[in-house]
Amino acid sequence: PSSVRRDERGRLQVAGVDAVTLAAQFGTPAYVVDEDDFRARARGFRDAMNGAFSHGADVYYAGKAFLCTAVATWIAQEGLCLDVCSGGELAVAMRAGVPGARVGLHGNNKSAAEIEAALIYGVGRLVLDSFDEIDRVAAIAASLGVVAPVMIRVTTGVEAHTHEFIATAHEDQKFGFSLAGGQAYQAAERVLAESGAMRLLGFHSHIGSQIFDTAGFEVAARRVLDLHGRVEKENGVRLPELDLGGGFGIAYTSEHHPRTPEQLAGDMAAIVARECAAQDVAVPRVSIEPGRAIAGPSTFTLYAVGTVKEVELGGGASRAYVSVDGGMSDNVRTALYAADYSCTMAGRVSDAAPMLSRVVGKHCESGDIVVMDEYLPADVRPGDLIAVPGTGAYCRALSSQYNHVPRPPVIAVRDGVARVIVRRETIEDILALDAL
Ligand code: LLP
């Protein structure tokens with residue numbers, strides 16, 4: 001987070017609270033989120049989009065990156081909308097009092113109960129993902145006597161340059177209606193034919209996550225706008241909205257160079273204006289769905305070192321295995337996507353020589369790695385605190401109780417004050433699920 005510095009004792013400090021104090025007060029491991037940093041990134045996207053699109057735009061924070069009641073409240077207060085993709089995430093939005101009109105529901109297999117809950121809450125949009133779902137939503141909306149506002153998710157066929165498991169718009173994957181295969185157009189016709197139960201807002205495209213290359217967004221936007229224009233003209237309708245998804249990459253290490261929200265929004269506005277002019281259609285209201293780019297950089301995970309072991313690599317080289325008190329249960333991204341993290345000593349500085357280190361967790365498998373390669377001071381020892389930055393997105397959200405290790409709390413820090421926004425799980429919480 002932007003407020004991080006070292007104090008005169010060499011301790012990391014975030015929003016005026018130092019890491020040693022945080023560890024003593026809340027224990028480790030813990031996710032520490034800089035509330036102002038999170039809010040500023042949310043506002044940054046909102047302002048950039050409103051600046052680039054003269055008649056307004058919407059930013060849906062993708063709650064899948066990290067969601068809890070406090071975060072949903074921040075998002076609403078900063079004037080953003082919230083993208084949820086399950087009944088559980090919808091329940092958070094409801095508990096935080098996010099107005100229904102500012103919530104969008106995603107998912108490739110929404111249950112009838114989730115659809116019903118969303119329609120009763122009055123969500124602003126359901127993003128449809130299959131023909132089965134079109135029928136299901138039409139039936140549920142009719143039975144409730146409401147008209148469901150819907151968007152159609154389009155598979156644009158763009159190969160996003162990211163890890164295969166998080167790319168979502170190439171043809172051979174589960175999301176969306178294929179554009180090339182004609183299903184996206186047919187889906188629009190089906191929805192338009194159900195005008196008593198559904199109102200077609202427009203199309204939705206999301207090409208993947210942790211993307212830096214802008215060409216993918218551009219091609220996807222062009223393709224989806226071509227469809228948008230054809231559906232408008234050939235059916236004599238006006239589609240008021242267009243969602244270009246999320247996926248904006250963040251810097252996990254110094255090798256990544258993300259673009260600013262202003263650059264992203266400016267490029268998007270230019271593409272949309274150009275394509276709409278070329279097709280002679282009205283410019284729809286554009287929305288985007290950043291998750292990682294808002295949540296990710298706002299947070300670091302604070303761990304305590306338990307053991308240090310030196311392993312010979314041959315040729316005189318060696319590596320230190322530095323074991324911390326969490327691991328793949330609180331951050332599975334290294335194991336799952338070969339994600340690249342860095343880390344730093346959080347409780348002190350040292351002038352000991354740098355030593356090639358691997359930060360590993362406490363779980364029972366060798367893939368339990370948090371930071372693959374990092375140079376830590378050679379005197380790193382049990383009790384030292386380690387901070388891993390950039391863990392605000394898809395860490396707590398993908399956490400597990402592997403090995404019955406309780407999940408860490410989330411601590412929000414602002415103006416020198418730290419507070420728990422998600423409490424630490426306990427072994428009792430885990431045991432409570434076991435039926436006797
Ligand atoms: N919109 C839709 C429809 C999505 O599926 C996603 C992410 C987003 C927005 C937000 O994408 P973001 O701006 O956060 O990149 N667990 C993986 C990432 C999975 C992303 C899933 N969908 C990871 O840890 O890298």
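Student: Which residues does F45 touch, not counting residues up to four places away in sequence?

Tutor: In this predicted model, F45 touches V59, P261, P290 and I294, once residues up to four places away in sequence are left out. F45 itself has its place in helix α2, which covers residues 35–52.

Student: Is F45 buried or exposed?

Tutor: F45 is buried, because 27 other C-beta atoms lie within 10 Å, and the cut-off for calling a residue buried is 20 or more.

Student: And how far is F45 from D434, in sequence and in space?

Tutor: The two are 389 residues apart in sequence, and from C-alpha to C-alpha F45 and D434 are 43 Å apart in space.

Student: Let me step back to the whole chain. How many helices and strands are there in the protein?

Tutor: The protein has 12 helices and 21 strands, and along its principal axes the C-alpha trace spans about 70 × 50 × 40 Å. Buried residues account for 49% of the 436 residues.

Student: What radius of gyration does the protein have, and what would a compact globule have?

Tutor: A compact globule with 436 residues would have a radius of gyration near 22 Å, and the protein has 23 Å, so the value agrees with that expectation. As for the contacts between residues at least 6 apart in sequence, 68% of them join residues at least 24 apart.

Student: What does the domain assignment give?

Tutor: The assignment gives domain 1 as 5–34 + 297–431 and domain 2 as 35–295, with the C-alpha centres of the two lying 33 Å apart. Where they meet, 23 residues of domain 1 are in contact with 19 residues of domain 2.

Student: Which elements give two or more residues to the side of domain 1 that touches domain 2?

Tutor: Those elements are β4 (30–34), β20 (410–414) and β21 (417–422), and β20 gives the most to that side, with four residues. By class, the side of domain 1 that touches domain 2 has 14 nonpolar, five polar and four charged residues.

Student: Now the ligand. Where does the shell around the ligand lie, relative to domain 1 and domain 2?

Tutor: Domain 1 and domain 2 both give residues to the shell around the ligand, so it lies between them. Of the 24 residues around the ligand, A62, S209, G246, G291 and Y394 come nearest, and α10 (292–295) and α11 (333–337) each supply at least two residues of the shell. By class, the shell has 10 nonpolar, nine polar and five charged residues.

Student: What does UniProt place at K64?

Tutor: The UniProt record, an unreviewed entry, places the feature "modified residue: N6-(pyridoxal phosphate)lysine" at K64. In the model, K64 lies in the loop between β5 (57–62) and α3 (69–77), and K64 counts as buried because it has 22 C-beta neighbours inside 10 Å. Leaving aside neighbours within four places in sequence, K64 is in contact with C85, G291 and A397.

Student: And which residues does the "binding site" annotation cover?

Tutor: According to UniProt, again in an unreviewed entry, the "binding site" annotation covers G247, E289, P290, G291, R292 and Y394. One of these, P290, is also touched by F45, and G291 is a contact of K64.

Student: Last topic, the backbone. Which peptide bond is cis?

Tutor: The bond from T28 to P29 is cis, with omega near -10 degrees, and P29 lies in the loop between α1 (19–26) and β4.

Student: What about phi at A15 and D280?

Tutor: A15 has a positive phi of about 45 degrees although it is not a glycine, and D280, also not a glycine, has a positive phi of about 60 degrees. A15 lies in the loop between β2 (12–14) and β3 (17–18) and is buried, with 21 other C-beta atoms within 10 Å. D280 lies in the loop between α9 and β13 (285–288) and is exposed, with 9 other C-beta atoms within 10 Å.

Conventions
Residues numbered from 1 in each chain as written. Predicted model: local features only at pLDDT ≥ 70, side-chain atom pairs only at ≥ 80, totals over all residues. Domains from an automatic or database assignment. Contact = placed C-beta atoms within 7 Å. Nonpolar A, V, L, I, M, F, W, Y, C, P; charged D, E, K, R; others polar. Buried ≥ 20, exposed ≤ 12 C-beta atoms within 10 Å, placed from the backbone. UniProt positions renumbered as here; feature names shortened; annotations may be inferred. Near = placed C-beta within 6 Å. Rg over C-alpha atoms; globule rule 2.2 N^0.38 Å.
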